[in-house]
Amino acid sequence: MMHVLGVERSILGQPWRWRATAADNLAPHDLVTQLLLARGCTREALDDHRTPSIRAFMPDPSIFRDMDTAADRLADAVERRESIAIFGDYDVDGATSAALMILLLRALGVEARGYIPDRLLEGYGPTAAAMTRLAHEGASLIVTVDCGAQAFDALAAARAAPVDVIVVDHHQCASELPLAHAVVNPNRLDEGEGAAHGHLAAVGVAFLLGAALLRTLRRRGFFAARPEPKLLDLLDLVALGTVADVAQLRGLNRAFVAQGLKVMAARRNIGLAALIEAARLTRAPTATDLGFALGPRINAGGRVGQADLGLRLLTTRDPAEARRIAAELDRLNEERRAIEAAVQAEAEASDASGRRVTVVAGQSWHPGVIGIVAGRLKEKLGQPAIVIAIDEAGVGKGSGRSIPGVDLGQAVLAAKEAGLLVAGGGHAMAAGLTIAAEQVPAFADFLENLLGDRVTAAVADRALLVDSVHAPGGVTPDLVTAMETGGPYGMGWPSPRVAIGPVRPIKVDVVGNGHVRAIVAGDDGCSLKAMAFRAADTPLGVALLGAASHRKLWLAGRAKIDDWAQRPSAELHIDDAAWAD
């Protein structure tokens with residue numbers, strides 16, 4: 001296989017390969033075509049992917065099992081003005097899913113109650129106590145969003161209450177489903193045509209249920225005397241939840257995000273507008289902003305503050321309240337950063353196992369940040385990582401992140417079936433679990449035996465994929481703008497990576513929280529600013545900081561626009577480097 005710039009082993013120990021099957025660069029005006037084809041788009045679908053629309057990718061909601069049953073029950077509740085409760089998870093996907101359902105029902109004349117469980121006091125997903133309480137407080141229908149697929153005891157309690165429950169979820173399911181009026185989940189094991197949409201986030205499934213509900217009400221003549229809500233106006237929530245939950249940006253998800261960003265730019269949602277302001281974004285948000293600026297702030301409420309802050313923000317009618325909540329979430333996000341840094345330091349210090357699946361556990365670790373820390377460990381070590389916070393009662397709450405080719409969600413379900421976990425579930429790239437402290441060593445052994453060889457194979461097949469090669473002078477704002485046309489980018493639809501060089505380091509230093517900043521010069525006489533984030537103590541950062549001024553390097557990374565200066569310029573966010581001499 002042909003290596004880009006002849007790099008067979010980089011500073012990070014990996015070969016550089018072309019993302020496309022052919023290394024020949026197309027003409028400049030064909031750049032977007034090249035990017036789309038390299039991400040698996042067929043030539044027949046190029047037009048749809050250049051400007052992804054809901055119309056082009058939207059399936060008939062009825063292809064999903066239980067969808068029509070769920071829509072009929074919701075339509076009955078709307079027509080009868082029943083008391084409806086929306087039970088969501090405490091993360092961004094849960095908050096946006098719950099907000100979408102609440103805002104849609106509000107537009108239909110029903111004020112649904114939102115319920116987000118407390119991470120510390122109630123844990124993940126529905127509980128028997130919560131279901132029973134909602135029923136006793138008058139709810140005749142409960143819709144769980146981004147949770148419920150594994151809530152067997154809770155849904156049995158709901159049926160006994162009695163109260164109807166509709167489950168709207170996307171997490172992997174067991175062979176048996178919980179007792180519910182309907183379970184809408186593309187990842188049901190008995191799903192048929194709808195299984196092709198198993199990459200949807202829960203908010204995407206909720207959007208499809210919303211479409212099915214409106215269609216059902218339309219058929220019943222509900223809109224003969226009242227306007228029909230515009231479901232597309234809620235796509236800003238769908239985009240935020242999809243990106244923040246790291247769902248694959250393929251097919252319908254690409255349309256959700258592309259069109260949702262347009263809705264978000266109009267700032268129709270009062271809460272989102274306040275959050276954008278709190279995040280100090282002065283331009284229209286991008287997909288990257290959803291994942292790194294807005295999503296973490298929504299998450300901060302569920303991690304270290306009040307679990308329902310995000311949902312309250314997204315559904316408020318009061319601009320003043322929206323500003324107050326957005327400011328509080330911004331403050332909590334800074335608090336979360338400090339807690340995360342402390343837990344990450346302890347987690348890294350405690351990992352001495354040498355296993356191919358990292359499992360670390362600690363007393364007094366804040367359970368609200370373990371998922372983020374697991375992601376950091378996964379990136380640093382290049383292998384799946386699970387971080388477990390053990391409380392005073394000896395109960396551990398764990399969160400894991402995986403690498404491509406290693407299905408962590410299925411492994412956690414297998415561990416649960418083997419009796420090692422109290423609870424657990426998730427999807428291929430992320431999972432959550434509850435475990436007794438004394439079972440942690442056995443759980444770590446189980447994952448090593450089950451996944452170890454898969455991790456070895458996945459790591460051995462690892463390579464840095466490159467889309468194009470440029471001299472430093474070719475990395476310009478115009479290039480970045482052209483590449484962005486192939487977006488939105490994210491999980492499953494990676495942003496373009498360029499290689500540049502050869503370059504000589506002119507100045508390299510450490511800035512901020514361990515970021516390596518470099519000014520490099522090329523043989524074309526042009527210089528370029530480059531950044532390697534959180535890399536100061538990694539092999540990449542050490543190599544850059546120690547590089548002699550006469551040594552030449554190839555750099556590979558993402559070309560971005562630096563708009564902090566008076567005149568926007570391009571810079572490179574470094575993923576890897578290799579010696580050119």
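## Backbone geometry

Asp146 lies in the loop between strand S4 (141-145) and helix H7 (152-160); helices (H or I, at least four residues) and strands (E, at least two) are DSSP runs numbered from the N terminus. Although Asp146 is not a glycine, its phi is positive, at about 65°. The model is predicted: local features need pLDDT of at least 70, side-chain atom pairs count only at pLDDT 80 or more, and totals for chains, interfaces and linings use all residues. Residues are numbered from 1 along each chain as its sequence is written, and side-chain values use heavy atoms, with hydrogens and water left out.

Gly487 and Pro488 are joined by a cis peptide bond with an omega of about 5°. Pro488 sits in the loop between helix H18 (477-484) and strand S14 (498-511). A cis peptide bond also links Gly501 to Pro502, with omega about 0°. Pro502 belongs to strand S14.

## Helices H9 and H10

Two packed helices are described by the angle between their axes and the distance between the axes. Axes here are lines fitted to C-alpha atoms, for helices over the stretch in contact, and angles run from 0 to 180 degrees between N-to-C directions. For helix H9 (residues 235-244) and helix H10 (residues 252-265), the axes come within 7 Å and cross at roughly 125°. That makes H9 oblique to H10; angles under 35 degrees count as roughly parallel, over 145 as roughly antiparallel, 65 to 115 as roughly perpendicular and the rest as oblique. The crossing of H9 and H10 is left-handed, a term used if the near helix is turned anticlockwise from the far one by less than a right angle, with right-handed used if clockwise.

On the H9 side, the residues in contact (heavy atoms within 4.5 Å) are Leu235, Asp236, Val238, Ala239, Leu240, Thr242 and Val243. They meet Asn253, Phe256, Val257, Gln259, Gly260, Leu261, Val263 and Met264 in H10. By class, the contact of H9 with H10 has 10 nonpolar, 4 polar and 1 charged residues. Ala, Val, Leu, Ile, Met, Phe, Trp, Tyr, Cys and Pro count as nonpolar, Asp, Glu, Lys and Arg as charged, and the others, Gly among them, as polar.

## Helices H11 and H12

Helix H11 (residues 270-278) and helix H12 (residues 287-304) have axes that come within 10 Å and cross at roughly 110°. H11 and H12 are therefore roughly perpendicular to each other. H11 passes H12 in a right-handed crossing. Leu275, Ile276 and Ala278 of H11 make the contact with Leu294, Arg297 and Ile298 of H12. The residues of this contact divide into 5 nonpolar, no polar and 1 charged.

## Helices H14 and H15

The axes of helix H14 (residues 319-350) and helix H15 (residues 370-381) cross at roughly 50° and come within 9 Å. H14 and H15 are therefore oblique to each other, and their crossing is right-handed. H14 contributes Arg336, Glu340, Val343, Gln344, Ala347 and Glu348 to the contact, and H15 contributes Ile372, Val373, Arg376, Leu377 and Lys380. By class, the contact of H14 with H15 has 5 nonpolar, 1 polar and 5 charged residues.

## Second largest pocket

The second largest pocket holds about 330 Å³ of space. It is lined by 15 residues, of which Met58, Phe207, Ala211, Leu231 and Leu232 are the closest to its centre. On a 1 Å grid over the protein atoms alone, where a 1.4 Å probe fits, a pocket is an open set of points with protein on both sides within 12 Å along at least five of seven lines, and lining residues have an atom within 4 Å of a point. Grid points are joined across faces, edges and corners, and a volume is the space filled by probe spheres set on the points.

Helix H3 (54-57) and helix H8 (202-219) each supply at least two residues of the lining of the second largest pocket. H8 gives the largest share of that lining, 6 residues. The lining residues comprise 10 nonpolar, no polar and 5 charged.
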